[in-house]
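Morning, everyone. Please look at the model on the screen. I'll talk about rings, then helices.

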Amino acid sequence: MEVNPIEAPAIEIFDSTLRDGMQGAGIAFSVDDKLKIARALDAMGIAYVEAGNPGSNPKDMEFFRRIQEQPLKNAKLCAFGSTRRKGIRAEEDANLASLIEAGTPAVSFFGKSWDLHVEKVLGATLEENLRMIEDTAAFLKSRGRYVIFDAEHFFDGYAANPEYALRTLKAAESGGADLLCLCDTNGGTYFADIQRIVETAAGSVSRPIGIHTHNDTGMAVAQAMAAVDGGAVHVQGTFIGFGERCGNCNLATIIGDLQLKRSFRCVPEDKLPRLTKTALRIADVSNVTLAASQPYVGSGAFAHKGGMHIDGVKKISESFEHVEPDSVGNRRRFLTSEVSGKATVLETIRLVDPEIEADDPVVRRAVEELKQREFEGYQYEAAEQSFELLIRRLLHRYRPFFRLEYYKVIGEFPLSAEGFPSTTVIKVHVGDESRIAGAEGVGPVHALDVALRRALEQFYPSLREMYLTDFKVRVLERSETTAARVRVLIESTDGETTWTTVGVSSDIMEAAMGALTDSIEYKLTKDMVAPPDAEPRKE
């Protein structure tokens, strides 16, 4: 697939979440996890999914075996490896054999482009390294693969010995490589230098040029953008940016930048609104919290708090939003706090009752209630769903789904044989019925969560879909030390949406139970489950 970068309106997106992303601290995927992420990327319209090194561990080979049972529909699957080892023929190299055995239509392999690494790390001569690159490309190409050469440490190599760095590209080209990807492996090259070097490289070879950047200087996306300006037609990275050290080029960001700001086609136009959903899905499977500040896809990307900003957005949205939120599948949020003003509170009220006017007395009561609650330590800008439930109560549009009678939490030390240090017993009423449930947990909040849902799931089966994804505690009065009030924020998900609720108390368990209760009641409210005929809970 030869592409002239001058004529190409498209940029190939190559996702390495399942390979380079796994080198990030705290990131580990099972085979099932990798399958889920690959399918999410495929549905997004990503061109290439690099899924691992089949020669390095059996998990990756198992993934390649299983993915063949239900092949991807849009993306080309890519296996990753290295050049042949020095001193042997490519046909004798076990790593290269595993790349062929993986059965992927594309293969990427890395080779040394920095003479320092060739001589001091690889322990080879400069000429031998060139033969290793050419032989590897020729071997993979002879087996019918689309071959991508990753020129490792290319920009450091170019700075030290530009002639030799370019010779490594020409060696891969001579071997038949289809695309030559320049890697800023250390993540330290200034973006303007990247553009200049990419221009030189693109003018030295006939193959298309790609770019692979790391975020060690906080410029990975800028570096990749500069590379595209220099002639690169292929961008490698990870979808939400995690990876080794400070991470990789964030593909969710650069897709938005290239497609919405520069009119390149990175994914099909009808797939761009899946950007936020895909980012949330990958974060969920990866067991990480998607940063609110992530461009385009973060929960804060289109969030407004100051009253003047909110007023401006309502009148002229582009005055404070550089793109329409729904163009990337995100949404506008007006953060609820004592500084956000009456207009923000009214927006939340109208989610419950669209007919409420600005001069309705309930708006004033809601603003007063908000200020009092925030004075007590509640924080609703991070827990919009708790505030929505509060509004429902003020509007008398709320009936409780259950009533908590009591709960007991027992801590244990030393740990039991099962390793669960906390036990909870809980009693709830649903309509005229009551249930008692117990649970063990790795901590008191975990035990509370499991016991509460266990007691309620027989009445509300949809609760089996939800689970906690994050739990934060903040001490509100540091001078009071252990007697201080605490704020507990709990983030929950049902796999489709994510929501956050809040509880405040001088007792951490009471604060946690308040947030847990709101989380479950929001889920049931969202699902439009009919509450039982029970007395409303006293506020």
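First, a term: buried means under 20% relative accessible area, exposed means over 50%, and partly exposed is in between, with a 1.4 Å probe and protein chains only. Phenylalanine 109 is buried, and phenylalanine 149 is buried too.

Some ground rules. This is a predicted model, where local features need pLDDT of at least 70, side-chain atom pairs count only at pLDDT 80 or more, and totals for chains, interfaces and linings use all residues. Residues are numbered from 1 along each chain as its sequence is written, and side-chain values use heavy atoms, leaving out hydrogens and water.

Now the rings. Rings of Phe, Tyr and Trp (its six-membered ring) pair if their centres lie within 6.5 Å; planes under 30 degrees apart are stacked, over 60 edge-to-face, the rest tilted. The count comes to 10 aromatic pairs. Phenylalanine 109 and phenylalanine 149 form a tilted one, 5.2 Å centre to centre, with 45 degrees between the planes. Elsewhere, ring pairs link Phe14, Tyr48 and Tyr146 into a cluster.

On to the helices. These are DSSP runs (H or I, at least four residues), numbered from the N terminus. Axes are lines fitted to C-alpha atoms over the stretch in contact, and angles run from 0 to 180 degrees between N-to-C directions. How do α16 and α17 cross? The axes of α16 (residues 444-456) and α17 (residues 508-526) come within 10 Å and cross at roughly 40 degrees. That makes α16 oblique to α17. Oblique is what remains after roughly parallel (under 35 degrees), roughly antiparallel (over 145) and roughly perpendicular (65 to 115).

Definitions and conventions:
Helix = DSSP H or I, 4+ residues; strand = E, 2+ residues; numbered from the N terminus.
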